[in-house]
Amino acid sequence: MTSCPGTYYVIVVEDTELAKIVACGTLVVEQKFIHEIATRGRIEEIVVDDSCRGKKIGKLIVETLILLSEKLGCYKISCECKDPLLSYYTQFGLNREEGQNYLCKRFFH
């Protein structure tokens, strides 16, 4: 990640009393050739430790990543999630675009 400056922005929340990371989220910024090399953001890896759920830490991370993508000049930000989490992400103004599906292929090493 450090070999690609300006591509990955990671937010980490630490419980300093426990010296433990309790939440994190990533903004991936990529250039899109078909949009004249404009930048697009992707929210990935939003994780909150079970002991910290319900404290709005995930909300703070997602809102911060959205603001950061706007500040960086991204023309769009997206997020892939499972159907049960759709309502969670729509509270941030993220909407499912009609006809769009996000697919992935997993590699296990």
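Mentor: Buried means under 20% relative accessible area, and partly exposed means between that and 50%. Keep in mind that this model is predicted.

Trainee: Is F92 buried or exposed?

Mentor: Its relative accessible area is 13%, so F92 is buried. Y89 also counts as buried, at 10%. Y88 has 28%, so it is partly exposed.

Trainee: How do I read a pair of aromatic rings?

Mentor: Such a pair is described by the distance of the centres and the angle of the planes. Planes over 60 degrees apart count as edge-to-face. The count here comes to three aromatic pairs. One of them joins Y88 and Y89, with 5.0 Å centre to centre and 85° between the planes, which is edge-to-face. Y88 also pairs with F92: the centres are 5.4 Å apart and the planes stand at 75°, so this pair is edge-to-face.

Trainee: Which residues do ring pairs link into a cluster?

Mentor: Y88, Y89 and F92.

Trainee: Now the sheet. In what order do the four strands stand?

Mentor: The order is β1-β2-β3-β4, in an open sheet with mixed pairing. β1 (8-15) and β4 (76-79) each have a single partner strand, so one side of each lacks a neighbour in the sheet. Neighbouring strands are turned by 20° against each other on average, direction ignored.

Trainee: How many bridges join β2 to β3?

Mentor: Nine, between residues 20-32 and residues 38-48; the two strands run antiparallel. L27 stands opposite I43 in β3.

Trainee: Which strands does helix α1 touch?

Mentor: β1, β2, β3 and β4. Helix α1 (residues 57-71) packs on the sheet, and its direction makes about 25° with that of β2.

Methods:
Residues are numbered from 1 along each chain as its sequence is written. This is a predicted model: local features need pLDDT of at least 70, side-chain atom pairs count only at pLDDT 80 or more; totals for chains, interfaces and linings use all residues. Side-chain values use heavy atoms; hydrogens and water are left out. Two strands pair if DSSP finds at least two bridges between them. Axes are lines fitted to C-alpha atoms, for helices over the stretch in contact, and angles run from 0 to 180 degrees between N-to-C directions. Contact means heavy atoms within 4.5 Å. Rings of Phe, Tyr and Trp (its six-membered ring) pair if their centres lie within 6.5 Å; planes under 30 degrees apart count as stacked, over 60 as edge-to-face and the rest as tilted. Buried means under 20% relative accessible area, exposed over 50%, partly exposed in between (1.4 Å probe, protein chains only).
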